[in-house]
Amino acid sequence: MFVTFAEPVVDVAVWPRSTRAHGADLAVGGLPMAELAERFGTPLYVLDEQHVRDTCRAYRRALPGVEIAYAAKAFLCRGLVGPLREEGFGLDVCSAGELALAALAGMPGERIILHGNAKSPDELRAALRLGVGRIVLDNPAEVARLAALVAPRERQRVMVRVVPGIEAGAHHAIRTGGEDQKFGLSIARGDAEDAVLRTVAQPHLELTGLHCHLGSQIGSVRPWSAAIATLVRFLAGLRDRHGMVLPELNLGGGHGIAYRTGEHALDIESFGIDVRRQLARQCALYRLPVPRLIIEPGRAITGPAGVALYRVLVVKRTARRVFVAVDGGMADNPRPALYGARTTVRLVGRRGAARTRRVTVVGRYCESGDVLAADVDLPEDIHPGDLVAMPAAGAYQQSMASTYNLVGRPPVVAVRDGGTRVLLRRETFEDLLARDRGAEG
């Protein structure tokens, strides 16, 4: 059943833009969530494909002339690569698997950027074979290792990942711009300059610029403005001391989104204006040509477009809490256990009681830390068989999912204009068993 309404009735900062009321249910992409759960089972990830495309177009409008590469680690499948390619995006990948899938799905090699703090020789060889646009060097040893793999009379374009010494991000585990962490090379310690000089000394490597990534879930442009000042000063120093002018600057991603009502996503229009203005200002200050800008959003593209659907299995009351246990949990969404992430939870499929009670939504896995949402309000008549939906589920959930307790990973279904596309089917026990060689292995 395809339904449309003139105005959204939910917080579109949190839910996909196509989300509308459908009686006591919610519909995404014109399809009621209860119907989707019935057709595809639960747990289920629903992805609003038009929302993804609209967000890509918003980035293109806000950042004209800027190269944009989607951070594949947020969520990647073959059915997503096509829309990204059509909207003018490239891909930022960080493994041979992501690279192979990108190529299989038709992303041109020159629009792919390979990252990673510890790339294997096989990954470097695969990147060279597929002709990736740039390889981001993360440590001095990688410079010589990559150069030795490049074919005679050929050159590979590379960038050097630097650490500007700026802490930014919603949780310490996802902050990558500060000193003393595994990514990048410190500007302050001189490691970045040493790697730059090693790179330009290799005839088979073409250094196009610098790369930095400050962290994830950053909601203000201020950290990037501070990083630009540091990076341009470093670029000016390279020119003054070594006579080199690098033509590209990659600011990575980490653009924050809203998971709950009242939270604010990074304003991409303001980001585009402020970042380009700061870059032009700093380059003018040091009399440098403005480098071509590259950014790598991931979560901001797919995160708000996704909804996770779960079926309630158990409601258990203890002395101090009411636990609502669902048929998924930390294996398909590890973010709450890893980062203490908080999210919105809503009953869908029927109209609940007017009065609510404070509950903790937990998963079905054998860990006390398997908590999806602590201390949230749900209708007091919540019971087994009910459906609950959690928005902003399109990034870092399916991509980080595991098969803990030998439970297969959920499917991902794209919705658009009343139609569906299965992007990833449900993983079955037979899939898991196919890897087990048994007693004869």
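I'll start with asparagine 333, which touches Tyr45, Tyr310, Leu372 and Gln397, not counting residues up to four places away in sequence; contact here means heavy atoms within 4.5 Å. This is a predicted model, where local features need pLDDT of at least 70 and side-chain atom pairs count only at pLDDT 80 or more, while totals for chains, interfaces and linings use all residues. Residues are numbered from 1 along each chain as its sequence is written, and side-chain values use heavy atoms, with hydrogens and water left out.

Back to asparagine 333. This residue lies in the loop between strand E15 (322-326) and helix H11 (335-339). Helices (H or I, at least four residues) and strands (E, at least two) are DSSP runs, numbered from the N terminus. Asparagine 333 is buried at 4% relative accessibility; buried means under 20% relative accessible area, exposed over 50%, and partly exposed in between, with a 1.4 Å probe and protein chains only. The side chain of asparagine 333 reaches the backbone nitrogen of arginine 335 at 3.3 Å.

Next, salt bridges. A salt bridge is a side-chain nitrogen of Lys or Arg within 4 Å of a carboxyl oxygen of Asp or Glu. By this rule the count is 23. One of them joins glutamate 35 and arginine 39, with the closest N and O atoms 3.8 Å apart. Both residues lie in helix H1, four residues apart, about one turn of the helix. Glutamate 35 is partly exposed at 24%, and arginine 39 is partly exposed at 46%.

Glutamate 87 and arginine 57 form another salt bridge, at 2.8 Å from N to O. This pair links distant parts of the chain: glutamate 87 is in the loop between helix H3 (78-86) and strand E6 (90-93), and arginine 57 is in helix H2 (residues 49-62), 30 residues apart. Which of these counts as buried, and which as partly exposed? Glutamate 87 is buried, at 10%, whereas arginine 57 is partly exposed, at 35%. Both belong to a network of salt bridges that also links Glu49, Arg53, Glu86, Arg416 and Arg421.

Arginine 358 and aspartate 377 also meet in a salt bridge, at 2.7 Å from N to O. Here too the pair links distant parts of the chain, with arginine 358 in strand E17 and aspartate 377 in strand E18 (residues 371-379), 19 residues apart.

Now the backbone. A cis peptide bond joins threonine 42 and proline 43, with omega about -5°. Proline 43 is in the loop between helix H1 (33-40) and strand E4 (44-48). Two residues other than glycine have a positive phi: arginine 153, near 65°, and tyrosine 396, near 55°. Arginine 153 sits in the loop between helix H6 (140-149) and strand E9 (156-163) and is exposed at 81%. Tyrosine 396 sits in the loop between strand E19 (387-391) and strand E20 (412-416) and is buried at 14%.

Last, a sheet. Three strands form an open sheet in the order E1-E2-E3, with antiparallel pairing; two strands pair if DSSP finds at least two bridges between them. Strand E1 (20-22) and strand E3 (31-32) stand at the edges with a single partner strand each, so one side of each has no neighbour in the sheet. Strand E2 (residues 25-28) pairs with E3 over two bridges, and valine 28 has leucine 31 in E3 as its bridge partner.

How values were computed. A polar contact is a pair of N or O atoms within 3.5 Å; within protein, one must be able to donate a hydrogen and the other to accept it, and residues adjacent in sequence count only if both atoms are side-chain atoms.
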